[in-house]
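Trainee: I am new to this structure. Please show it to me, and then let us talk through it.

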Protein chains: 2
Amino acid sequence: MKIHFLNIGPHLVRMHFVCLPQPRNLPPMLGFNSSDGSLSVDLPMALRVFSVDYHHVQAPFEIVLWIMLASLAKLGFHWSGRVPAVVPESCLLIMVGLLVGGVIYGVRHSAPPTLSADAFFLFLLPPIVLDAGYFLPGRLFFENLGTILWYAVLGTLWNVLGIGLSLYGVCLLAQSSLGDVSLLHCLLFGSLIAAVDPVAVLSVFQEMHVNEQLHILVFGESLLNDAVTVVLYKLFESFLRLPSVSGVDVLLGGCRVVVVGLGGLFVGLFFGLVAALTSRFTSRAQVIAPLFVFLYSYLSYLTSEMLHLSGIMAIVTCAVTMKQYVEANVSERSKTSIQYFLKMWSSVSETLIFIFLGVSTIQDVHMWSWPFVCSTLLLCLVWRATGVLLLTAVVNKLRRNAVTFRDQFIIAYGGLRGAICFSLVFLIDDFPKKRLFITTTIVVILFTVFVQGMTIKPLVELLDVKRKKRALPTVSEEIHSRLIDHLLAGIEDVVGYWGQHYWKDKFEQFNRKYLRRFLIREDHQARSSILRVYQELERREQRGDEEAPRV
Amino acid sequence: MKIHFLNIGPHLVRMHFVCLPQPRNLPPMLGFNSSDGSLSVDLPMALRVFSVDYHHVQAPFEIVLWIMLASLAKLGFHWSGRVPAVVPESCLLIMVGLLVGGVIYGVRHSAPPTLSADAFFLFLLPPIVLDAGYFLPGRLFFENLGTILWYAVLGTLWNVLGIGLSLYGVCLLAQSSLGDVSLLHCLLFGSLIAAVDPVAVLSVFQEMHVNEQLHILVFGESLLNDAVTVVLYKLFESFLRLPSVSGVDVLLGGCRVVVVGLGGLFVGLFFGLVAALTSRFTSRAQVIAPLFVFLYSYLSYLTSEMLHLSGIMAIVTCAVTMKQYVEANVSERSKTSIQYFLKMWSSVSETLIFIFLGVSTIQDVHMWSWPFVCSTLLLCLVWRATGVLLLTAVVNKLRRNAVTFRDQFIIAYGGLRGAICFSLVFLIDDFPKKRLFITTTIVVILFTVFVQGMTIKPLVELLDVKRKKRALPTVSEEIHSRLIDHLLAGIEDVVGYWGQHYWKDKFEQFNRKYLRRFLIREDHQARSSILRVYQELERREQRGDEEAPRV
């Protein structure tokens, strides 16, 4: 017996089957066609046993599937055990992305979906930067802030201008094929290709356990240089849209870099303090306490982006500002949840970014030029190396503990590029060589992540770079370091030299007298600071190796 | 000196000011108009110190602001301390919503945004149901499953048909104004207005601490009856689109109710087992372990919705299935994070739903009819009360511990309506009386939440309904209850009566022999079950009052 289904309307389906001879006593809803002996019955479609409405759930369904793919990929690598010891996770994820992209391309015969710049900047980047800011080792960071800013601001300028100008030279030399690339385009490209990516740097350096100072220098630079590169990028972009660029424009542009950076800082500070204040009142609604950490920091990021300020600066400042007060206000379980959730979120974002980097590499829009691609690769390496050498030579004269040559090498070599360049290059207004820029950016990213990312670990071992001390500080160490801090502040005060320790001490006093009193719950304030340290250390010991959520 | 700004292009602004007499040595970018002595300079807009691009961040910004409003409102109520003791939180939140809606209406002179049915069913409902399923007291639920299903399936049918048919009677009586409402429309409306809302029920009952059995009966019914009401709703909706409805359609509809429920169950079971299996391998990537709980359960929900099965059934089953295995597999900190996050998410969703209920009440689409609104209110109460009385009379003959009359009263009175009705009524295809349906639904929701929700607590005290025992079970209690379980299973086996205890024991054996071995990490399996109970109790004791995250 053959059965056919016919859709005869939006909600009706006709079931059609041949049935000979004509059955007797047919119910009225069955129609019998005596010419071919077929019997038909109309069923409403909604009553079919099985029906699919993919469109209804498409958006969340696809997002969940991508996240699932990312999580399962991550799980697989960690489970396999041996592979991640040699190849960094970022490389493996890009390879998964390439594979998935290839499969999609093969099936659909068109380019797979790329990571949109909006999705990246609004949804994937903030969790990573928030996580980085929240777990920033405060003391270490502020002690090295001068050096970090030195690298992040001057180093980035050096790289952007160096790469931009020399690429323009290359374009002039290869006049026949690259003649239509203007100086401004080269500078624009330089600004995006100079952006060292905190995500890529973190994912590689986290697995290496180099000494804390080197880690904070590399990571702090990668975090803050984004503010500079993104601003420079936007500046050159607006220059490109101007009919002509004058000296005043350049001056205003310089001011803008400062405004963007400081603006982000203040937005972050504001939201951080409000978040701290809010957390003071969460004692009776503990369940939503962690939420405020995420909400306020995301709000600081969005507000900054809305005002064209640096969202990265804002969210990092917000996290750094709120952390000590929030952690003093909320319960131990809330604290665990906040930390866990930050790690989880950033880890998923990071995984997604690398997978999408791979997927988006499979494109129809590629354009190749040997001189441009190769010289970009070379220039990135050369300018970064010379920049680090020169800047360190200056900064070493001012630092007590100098940055060693080995450390300098790792700083220069650890300048990995990642999703930030990638997202920025897609944002460029269309012009004839945009495809070339995209291709070159992808090559530079893949080169730095694969070649530099995979060789840096053996190099660290080869150069015998100082590693991280594993042990946590003991109570006695903590007490002594505090004593020395106070002593140094006193000495600076007596000598009349208002240096780092003097200001740190002043801030501590201000913090104790006003901020802590205002931002922390009354019943949590009474504890003296040394008691707090002791409790914290005891808690860590209790938790043992579970101390920090492991990735 | 007057300064004017003129936008003269997408990225240029002309600054215009009068300056007399003509200054000498003007830079070339400044233009001097000698006729009126005005001086103008063109500045690129990007270089203005302050510029706003709201559109870019609008979607996430507004979502974050709504969540922020919800969280701050919740925080405020909990902080104030005294108000929530009298008025349930849901009422306060609806009032905040009304206020916000009123302000928006006053400012914009148009209706504020309503909660779209998609946003509700795809994003706000799943976290609440997931939370409910995950924290479902398993033993209690399965012991009362028969009664719960009895109420949820038969009770809902009773309510839907009763309300629908008698409303049709009312429409026939008030022929002049309600003559155009058909029987099917009445049944459709009956199916949505009969939907007892788990969110509203939970938020009221959580604050009351009635005895566990009463709680699980009310809450279990509200959870499972949604599957029935939603299916009935869709059924009547598809009947409305048919030219005529025959007996076979009704029969097929009945089958569909079963398919939808069981289908959801199996989808949930499948994803639950896969989630449990996945969690077995998360030991080396602990940070993303909690993620799988959320991903798989959401996936089960979306898959069910896609296949037109019951998403609520699926997500509850998924949560119940995975819970014991996942909690055995992941670390203590992951477990805390999962629990905390479920609570946080569901709490925010719930808050948002109530606020939006308030906001959406401020509408231009209202239509009023005294006979329809009042009779609906009355019929809802009457049919629910008679339903509970009748069904309990039958079920009490089969239960060992009967449902007392006081409990019956609370079950009937606790049938609060909420956002599910609200979302469903907006989904009805347009017809002349749709506005009346919307208004009536809102009135019923507000009546049940405000009047019933606020009086139920005093009533519970007045009737002296049995309260919850506060103490956690001791080890000796646990051991004895296990012993009795085994004994009863043995007795049932000997007697040859295969009842509840027999099947429970069989499942436990199967679980121990196959499921646990397959789904739980090797190093976590060895522990005997009594040891696990002991550890769990010890852990609870350690945590003291922090045992469960408090709302």
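**Salt bridges and a surface patch**

Mentor: A salt bridge here is a side-chain nitrogen of Lys or Arg within 4 Å of a carboxyl oxygen of Asp or Glu. By this rule, the count over all chains is 16 salt bridges. This is a predicted model, where local features need pLDDT of at least 70, side-chain atom pairs count only at pLDDT 80 or more, and totals for chains, interfaces and linings use all residues. Residues are numbered from 1 along each chain as its sequence is written, chains are lettered from A and ligands numbered from 1 in the order in which they are written, and side-chain values use heavy atoms, with hydrogens and water left out.

Trainee: Which residue forms a salt bridge with A:R139?

Mentor: Side chains of opposite charge can pair when their charged atoms come close. For A:R139, the closest N and O atoms of the pair are 3.4 Å apart. Both partners lie in helix 5 (residues 138-143) of chain A, four residues apart, about one turn of the helix; helices are DSSP runs of H or I, at least four residues, numbered from the N terminus. The partner is A:E143.

Trainee: How many residues apart in sequence are the parts tied together by A:D180 and A:K433?

Mentor: Their side chains meet in a salt bridge at 3.3 Å, N to O. A:D180 lies in the loop between helix 7 (175-178) and helix 8, and A:K433 in the loop between helix 17 (419-427) and helix 18 (434-463), so the pair ties together parts of chain A that are 253 residues apart.

Trainee: Is A:E221 buried or exposed?

Mentor: Buried means under 20% relative accessible area, exposed over 50%, partly exposed in between (1.4 Å probe, protein chains only). A:E221 forms a salt bridge with A:R384, the closest N and O atoms being 2.9 Å apart. A:R384 has 5% relative accessibility and is buried. A:E221 has 4%, so A:E221 counts as buried.

Trainee: Which helix gives the most to the nonpolar patch?

Mentor: The patch lies on the surface, with about 520 Å² of accessible area together, and includes A:L149 and A:L183. A:L183 is found in helix 8 (residues 183-193) of chain A. Six residues of the patch come from the helix that gives the most, helix 6 (residues 145-173).

Notes
Patches are made of residues with over 30% relative accessible area and no salt bridge: like charges are joined within 9 Å, nonpolar side chains (Val, Leu, Ile, Met, Phe, Trp, Tyr) within 5 Å. Accessible areas come from the Shrake-Rupley method with a 1.4 Å probe; for residues, only the protein chains shown count as cover. Helices (H or I, at least four residues) and strands (E, at least two) are DSSP runs, numbered from the N terminus.
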